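Colleague: Can you walk me through this model? I have a few questions.

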Amino acid sequence: MSKELFYYSAPWCQPCETLGPIMDQVNRQIPVRKINIDYADPAVITAAQVRNIPTVVLVENGQEVRRFTGVKSFNQIIDFLNHG
């Protein structure tokens with residue numbers, strides 16, 4: 001089973017600035033694909049239904065499983081990955 005996190009953020013977003021280093025830690029456990037909404041294709045953002053940032057989307061085998069918005073701790077994110 002292939003798991004990956006998509007992390008939608010922007011450099012001007014204060015909560016994103018807080019979550020960024022935490023997502024770097026998470027990246028040691030599971031691949032994290034960081035997407036800067038300022039530079040991403042707007043169609044990608046629309047297709048992902050990102051309305052707020054930061055948004056983190058868990059994808060397994062190419063399908064979205066669940067998501068969260070806002071800042072979470074490292075332990076909360078690991079719990080999100082393991083238990084939903």
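Modeller: What follows covers confidence, the sheet, the helices, the core and the cysteines.

Colleague: What should I know before reading any values?

Modeller: This is a predicted model, where local features need pLDDT of at least 70, side-chain atom pairs count only at pLDDT 80 or more, and totals for chains, interfaces and linings use all residues. Residues are numbered from 1 along each chain as its sequence is written, and side-chain values use heavy atoms, with hydrogens and water left out.

Colleague: What is the mean pLDDT of the protein chain?

Modeller: The mean is 94, and 98% of the residues reach 70 or more. pLDDT is the predictor's confidence in each residue, from 0 to 100.

Colleague: Which element has the lowest mean?

Modeller: Helix H2 (residues 42-47), at 92, while H1 has the highest, at 97. Helices (H or I, at least four residues) and strands (E, at least two) are DSSP runs, numbered from the N terminus.

Colleague: In what order do the strands form the sheet?

Modeller: The order is E2-E1-E3-E4, in an open sheet with mixed pairing. Two strands pair if DSSP finds at least two bridges between them. E2 and strand E4 (63-69) are the edges; each has a single partner strand, so one side of each lacks a neighbour in the sheet. From one strand to the next, the twist averages 20°.

Colleague: How many bridges join E1 to E3?

Modeller: There are 6, and the two strands run antiparallel. Glu4, for one, has Val59 in E3 as its bridge partner.

Colleague: Where do H1 and H3 lie?

Modeller: H1 lies across E1, E2 and E3, at about 160° to E1. H3 lies across E1, E3 and E4, at about 150° to E4. Axes are lines fitted to C-alpha atoms, for helices over the stretch in contact (heavy atoms within 4.5 Å), and angles run from 0 to 180 degrees between N-to-C directions.

Colleague: Which residues touch the most other members of the largest nonpolar core?

Modeller: Leu5, Tyr8, Met23, Val26 and Ile77, out of 27 residues. A nonpolar core is a set of buried Ala, Val, Leu, Ile, Met, Phe, Trp, Tyr and Cys residues joined through side-chain atoms within 4.5 Å. The largest share of this core, 5 residues, comes from H1.

Colleague: And what does Val26 touch?

Modeller: Leu5, Val32, Phe74, Ile77 and Leu81, leaving out residues up to four places away in sequence.

Colleague: Are Cys13 and Cys16 buried or exposed?

Modeller: Cys13 is buried, at 5% relative accessible area, and Cys16 is buried at 4%. Buried means under 20% relative accessible area, exposed over 50%, partly exposed in between (1.4 Å probe, protein chains only).

Colleague: How many disulfides?

Modeller: The count is 0, a disulfide being a pair of cysteine sulfur atoms within 2.5 Å.
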